[in-house]
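Visitor: Please show me how to read this structure, feature by feature.

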Amino acid sequence: MKAKALIGATVVGLAGVAVRDLTQKKHSLKRNFPVVAHARYFLEKIGPELRQYIITNNDEERPFSRDQRSWVYASSKLENNYVGFGTDNDIEHLENYPIIKHRTFSASPPSTAVAHGHDDAVSLPSAKVLGGPRGRKHAFRPTSVVNVSAMSFGSLSGNAIEALNRGVALAGAMHNTGEGGLSDHHRKGGDLILQIGTAYFGCRDDQGRFDLGRLKDLVQSAPVRAIEVKLSQGAKPGLGGVLPAAKITKEISRIRGIPMGEDCVSPSRHAEFDSVDSMLDWVELIAGETGLPVGIKSAVGEMDFWTELARQMSGRTRGVDFITVDGGEGGTGAAPLIFSDSVALPFRIGFARVYSTFARAGLTDDVTFIGSGKLGLPDNALVAFALGVDMVNVARESMMSLGCIQAQKCHTDRCPTGVATQDPWLAHGLDPTLKSVRLSNYLQTLRRDLLKVSEACGVPHPGLIDADAIEILDGNRSGIPLREVYGYEPGWGALGPDLAREITAIMWPERDRDTEAPESATATT
C-alpha cells in the first residue's frame, strides 16, 4: 500500500508540473516538452561540476586545470605534491609552452634543504627594498616574494579574510586588503597592503570623497606596510569594482559607508586626479603624510599612460614605489562576460610592454614590479620573474588553499565552501584557524619551489632569473628565447649589478664575499 501511495503521489506531482509547464509562456522548451525539459535545465546547472569531475582531462579545464588545483590542494595540506611516471602534458605538440633551462654548474652549491628536497620552510625575501629608491620614511624589504593579492571583505567572507590574514602572519607574507576597506577580519596579525580604490572605502567622508585624515587614522590603527592605488583590475578594467546587493551585509555597509539592498558599483576612475601629473602629486602627498611606500595597480590596455608615467618619473622628483600589473586572465567575484573575456591584455604581454617602457627610461631598479594573474603556480611565476617581476600576488590560488573548489558561483553569494559568500551558514563551514595553516603551507611551498628552480638555474633567487633562461617551445619544431618573444634588449628582465650583489649576499651569506655575484641565470660563472 505504501508503494502504491508513493507512486500515486509521484504521478500527481508530475502531472502538476506538466500542467504548469504547458500553461506557462516564459519557457518555450517547457511548453513543448513538459517535465522532460527540467532535466535539461538540471544538467545545464551542474555542467561545471560534470566537466570538472568527469569529462575533462588533467590539463583541460579553465580557469585552473585539475592538475593545477591538485597541486595547490596537496601543497596546502603538506601532502605529496610530486608526480610519477613523467609529465602528462603533450609537450611534443604544445605551442607557446615555456621550458626553463637549468645549468650544469653554479657559482655556489645549493642549500642542503633544497638540494635534498626537504619541505622545510625557506626564506625568500624581495630583491628590492620597497620605497627605498624614493627614500620613504617606512621603506622596507618584504620578507616574501609571494603575497596574497587584493580580495575585498564583501567579495570574500569574514572567515575567509581572517584565514588569509592569519595565514600570511604564519608565512611571513603580506595581505592586500582589496578596495573594500580594512575590516576587523584584517586585523589578525598579518602585515597589510592597504588598497585604495575609486570609491575610497575606509578613507572617505560622508559625501564619498577622499579624506586624508581618515586615511592617516586608518593606517595608524593597523599593521599597514604600504598603500596601493587601484587604477583598474585585469578581469574588469575600466569598470570599477562590483559587489552584488546579495553580498552586502550590515557590517559591510558600515565599513564601506554604502546603503543596503543595492549593488555596490565603484566608479571606473578616480575623482582625486585626472592625469599622470596630478596622480603623481597625489601619490607624493599620501607618501609624505603617511611615510609609507605608495604604488599603483592596473591592467594594461593603451600604452600612453605608461609612457607618460615613465617620462615624468625620469626626473626622479616624483614617482610610484611599486607597480602591480594585473593580467586580463585574473579573477574577480563578479564582472560582465565581455570584460572578463576581451578587455585588458594577458599578463605576459601586458607586463612585458610596461617593463620595456621603464627599461628604456632606465628606471627598472627604481621600481618594485609586482605581477598578478594566475601567477600562484610555479611555472607561471618563474616566467614572470624572468620578465622582470620582483614579487607575485596570488588570489584564486590562495582561495583554493582555503578550500575553494572552483564552483564559479562567486557572483551568486552561494559559494559552497564559504569562501566567496556572505551567507552565515555557508561561511561558518570555513574554520579560519585551520585554513590559515593551509594558506601558510601553500605560500611556503610555492616559495620553496621557486627557490629550487632558481638554484637549478644556478642562481640563489628567482629575481636573478632573466629572459634568456626560458624558451617558448613550438612543439618539437623550435624554441625561442623569452627575450626574443617579447623583444627584450640585453639586460632587460635582470636586476642591476648592485641589487644582484645585495640579494646574493642575503641568500648566500656563507659564500666567499670576494667572489663576484651572478648577475643572472645566464651569466658566465
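Predicted model: local features only at pLDDT ≥ 70, side-chain atom pairs only at ≥ 80, totals over all residues.

Visitor: What is the mean pLDDT of the chain?

Guide: pLDDT is the predictor's confidence in each residue, from 0 to 100. Here the chain has a mean of 85, and 84% of its residues reach 70 or more. Residues 115-119 have a pLDDT below 50, and this stretch makes 6 contacts (heavy atoms within 4.5 Å) in the model beyond near neighbours in sequence.

Visitor: How many helices and strands does the chain have?

Guide: Both are DSSP runs, numbered from the N terminus: helices are H or I with at least four residues, strands are E with at least two. The chain has 19 helices and 13 strands. Of contacts with a separation of 6 or more, 69% are between residues 24 or more positions apart.

Visitor: Which strand does β12 join, and in what direction do the two run?

Guide: Two strands pair if DSSP finds at least two bridges between them. β12 (residues 470-474) and β13 (residues 478-481) run antiparallel, joined by 4 bridges. L473 has G479 in β13 as its bridge partner. The hairpin has 3 residues between the strands, and G475 takes a positive phi near 60° there.

Visitor: Is Q312 buried or exposed?

Guide: Buried means under 20% relative accessible area, exposed over 50%, partly exposed in between (1.4 Å probe, protein chains only). Q312 has a relative accessible area of 15%, so this residue is buried. In the chain of 525 residues, 52% count as buried. Q312 sits in helix α11 (residues 304-313). Its side chain makes a polar contact of 2.7 Å with that of E308. Such a contact is a pair of N or O atoms within 3.5 Å; within protein, one must be able to donate a hydrogen and the other to accept it, and residues adjacent in sequence count only if both atoms are side-chain atoms. Leaving out residues up to four places away in sequence, Q312 touches V276, D277, L280 and R318.

Visitor: Why does G202 count as partly exposed?

Guide: Because its relative accessibility is 30%. G202 lies in the loop between β4 (191-196) and α8 (212-220). Its C-alpha atom is 7.3 Å from that of L215, 13 residues apart along the chain. G202 also touches R214, L218 and I255, not counting residues up to four places away in sequence.

Visitor: How many cavities of 30 Å³ or more does the structure hold?

Guide: On a 1 Å grid over the protein atoms alone, a cavity is a set of points where a 1.4 Å probe fits but cannot get out; lining residues have an atom within 4 Å of a point. Grid points are joined across faces, edges and corners, and a volume is the space filled by probe spheres set on the points. The structure holds 4 such cavities.

Methods. Residues numbered from 1 in each chain as written. Heavy atoms only, no water. 1 Å grid on protein atoms, 1.4 Å probe; cavity = no way out; pocket = protein on both sides within 12 Å on 5 of 7 lines; lining within 4 Å.
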